[in-house]
Amino acid sequence: MQKPIVLCFSGADPCGGAGIQADIEAIASMRCHATTITTALTVQNSQGVTDFTVIPDEQLRAQSQAIIDDMPIAAIKTGMLANRAIVATIADIVATQPNIPLVVDPVISANTGANLSAPGFANSLRQQLLPVATIITPNLPELYQLAPDSKDITEACRQIANTGCEYVLVTGTHDIAQDRGAAVAGEHNEEVVNRLYQHGKLIDTQRWPRLPGEYHGSGCTLASALAALLARGHDMVTATRHAQDYTWHSLASAARLGQGQYHPDRFFWATSGWLSE
Ligand code: PLP
């Protein structure tokens, strides 16, 4: 099989933990090739994001066209899109690539709490990008920002399904105290529970031991690995399970390279071979 190509739209993280850098490592680990359109340049380290600058619209369009004209795209992944104008541009670009799986990681803020998007961003994601998306991968706070008047996870996923986005993978990395409904009754914080919804119906529940610590770029890792596994032709249940398994192992091998969050080791699998210490 020729290496499948994944087209990513993400922010650049100079500390090499999240965004484009995470995408490239996760996608390469799945034996796929990452092509990367940088949507924003962030100022950050492992302790937090302090600023970002967005890339002009003409650049995003020209870079995307250059890739699309040259390579067969097997899947698309979006991460940090920062504002309504970028969402509109990316929605335009992906509409030229119908029938290609589109994985949307709804990056609204960093998990350190810093904002990575402008006001009204969740609204424009819902209105403009979700109608052309195959799957979105929100954690609970992101889910409720995308479906603000829903009373529980199921209703929120139904609302998202109504936009046209077939699948929702609700990740359980949040504290379950943030849930609004009864859907998590009986759950406890020692486990991370991911739920996969299709057309608003729960079709798979995936449980993982919760790892201690804070990690940089875990959501980016999951969404990129998922896009790559879809590019390789896996069905959605298999792809979401493998992507979470890969993410879990990357986090379990993470190292504290700076003074804040841990960096996942996305090449944890390359433990032996020709490279010596
Ligand atoms: N994209 C960029 C460029 C970021 O800087 C961050 C977080 O800092 C994210 C995405 C989201 O990261 P995470 O996967 O930790 O939610």
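Which residues in α1 meet which residues in α7?

Mentor: This is a predicted model, in which local features need pLDDT of at least 70 and side-chain atom pairs count only at pLDDT 80 or more, while totals for chains, interfaces and linings use all residues. Residues are numbered from 1 along each chain as its sequence is written, and side-chain values use heavy atoms, with hydrogens and water left out. On the α1 side G19, A22, D23, A26 and I27 meet C220, T221, S224, A225 and A228 of α7, contact being heavy atoms within 4.5 Å. By class, this contact has six nonpolar, three polar and one charged residues; Ala, Val, Leu, Ile, Met, Phe, Trp, Tyr, Cys and Pro count as nonpolar, Asp, Glu, Lys and Arg as charged, and the others, Gly among them, as polar.

Helix α1 spans residues 19-29, helices being DSSP runs of H or I with at least four residues and strands runs of E with at least two, numbered from the N terminus. Its residues G19, I20, A22, D23, A26, I27 and S29 are buried, that is, under 20% relative accessible area with a 1.4 Å probe, protein chains only. Besides α7 (218-231), the buried residues of α1 pack against β1 (5-12), β2 (33-45), β4 (73-78) and α8 (236-252).

The axes of α1 and α7 lie 8 Å apart at an angle of about 45°; axes are lines fitted to C-alpha atoms over the stretch in contact, and angles run from 0 to 180 degrees between N-to-C directions. The two helices are therefore oblique to each other, as angles under 35 degrees count as roughly parallel, over 145 as roughly antiparallel, 65 to 115 as roughly perpendicular and the rest as oblique. Just after α1, R31 takes a positive phi of about 60°.

Notes. Buried < 20%, exposed > 50% of the residue type's maximum accessible area, 1.4 Å probe, protein only.
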